[in-house]
Amino acid sequence: MRGERTKDRAGCGKRAGKLFPDVCFPLFLRFFAAGKKLSLASRRFLCYNKTTMRPHDKKAALAELERLYPDARPALHYGSAYELLVAVILSAQCTDERVNKVTEKLFEEHPNPAAMCRLSQEELEGYIFSCGLYKMKAAHILSASRDILERFDGEVPGTVEELMSLAGVGKKTANVVYSVAFGGDAIAVGTHVFRVSNRLGLAKGDTPAEVEAGLHRAVPKKDWSRAHHWLIYHGRRVCHSQKPDCANCTLAVRCDFVQRPPKKKKGATARTD
Ligand code: SF4
């Protein structure tokens, strides 16, 4: 009997120990932050990255995403790190299907930086016209190709920092190339990842950098690269930007957007991202 009671107490202690960091601590910080006039930065820090999803819900949501999309992979077609880099630059504000159509001919004739640099800005614009923002994208592709030739001996560099040093390559593009082409641990925060993470409550933030930092905390490092694809798939198939299909979403039981929707502001008519 005594042994059982001791065991019970030990179990109770364990549960209480889990309850404190999972529930009580974030709640305490929220009440504390609400009652004090603190700077925005302090409130954000105290509000636990503004996320309301509890750690065990995050774990379960990630497991569900993995179950839903076990074969999630990039939709862009590429045969080398260089082709992936060019395809990702072209994919800004453009569908992957459109990019794949455009790159089919472009990569057949200009598969590497040396061949790409033989094109003039106008000639390259002719290839990529239908992707939109073609003037800017052509300039970025040519500048990045020249950089790769002059500074990296014609090989795409394999670190996020070096990738970001290429003209026209930002954090998201660098993270995609680093994780997909080089197998590195990175989460690229594009439009789908940003929207789904915020709605779910997996990682909340006003900027991609804030969401990326939140995802780094929520997702085990070994899953960063795959989680990026899970969130993209969910954003494309279920959690659409205009009309999320919450009625048919298996994550609804844990999702902030459904379980803890933000209060509507006075005069607001429709909810936006
Ligand atoms: S419940 Fe709705 S908002 Fe939440 S992840 Fe699913 S589709 Fe998106």
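Trainee: Which residues have the most contacts inside the largest nonpolar core?

Mentor: Good place to start! In this predicted model, that core has 60 residues, and L84, L85, L90, V177 and L215 have the most contacts inside it. Helix α4, residues 81-90, supplies the largest share of the core, 8 residues.

Trainee: Why is A87 called buried?

Mentor: Set the count against the cut-off. A residue is buried if 20 or more other C-beta atoms lie within 10 Å of its own. A87 has 24 other C-beta atoms within 10 Å, so A87 is buried. This residue is found in helix α4.

Trainee: What does A87 touch, leaving out residues up to four places away in sequence?

Mentor: With those left out, A87 touches L76, Y78, V99 and T103. Contact here asks for C-beta atoms within 7 Å. As for N100, it lies 13 residues from A87 in sequence, with 7.8 Å between the two C-alpha atoms.

Trainee: And what does L84 touch, with residues up to four places away again not counted?

Mentor: L84 touches L76, Y78, V177, V180 and A181.

Trainee: Why is α4 said to be largely enclosed by the rest of the structure?

Mentor: Because 9 of its 10 residues are buried. They are Y82, E83, L84, L85, V86, A87, V88, I89 and L90.

Trainee: Which helices do the buried residues of α4 pack against?

Mentor: Their packing partners are α5 (96-109), α6 (113-117), α7 (121-128), α8 (134-151) and α10 (171-182).

Conventions. Residues are numbered from 1 along each chain as its sequence is written. This is a predicted model: local features need pLDDT of at least 70, side-chain atom pairs count only at pLDDT 80 or more; totals for chains, interfaces and linings use all residues. A nonpolar core is a set of buried Ala, Val, Leu, Ile, Met, Phe, Trp, Tyr and Cys residues joined through C-beta atoms within 7 Å. A residue is buried if 20 or more other C-beta atoms lie within 10 Å of its own, exposed if 12 or fewer, and partly exposed in between; C-beta atoms are placed from the backbone. Helices (H or I, at least four residues) and strands (E, at least two) are DSSP runs, numbered from the N terminus. Two residues are in contact if their C-beta atoms, placed from the backbone, lie within 7 Å.
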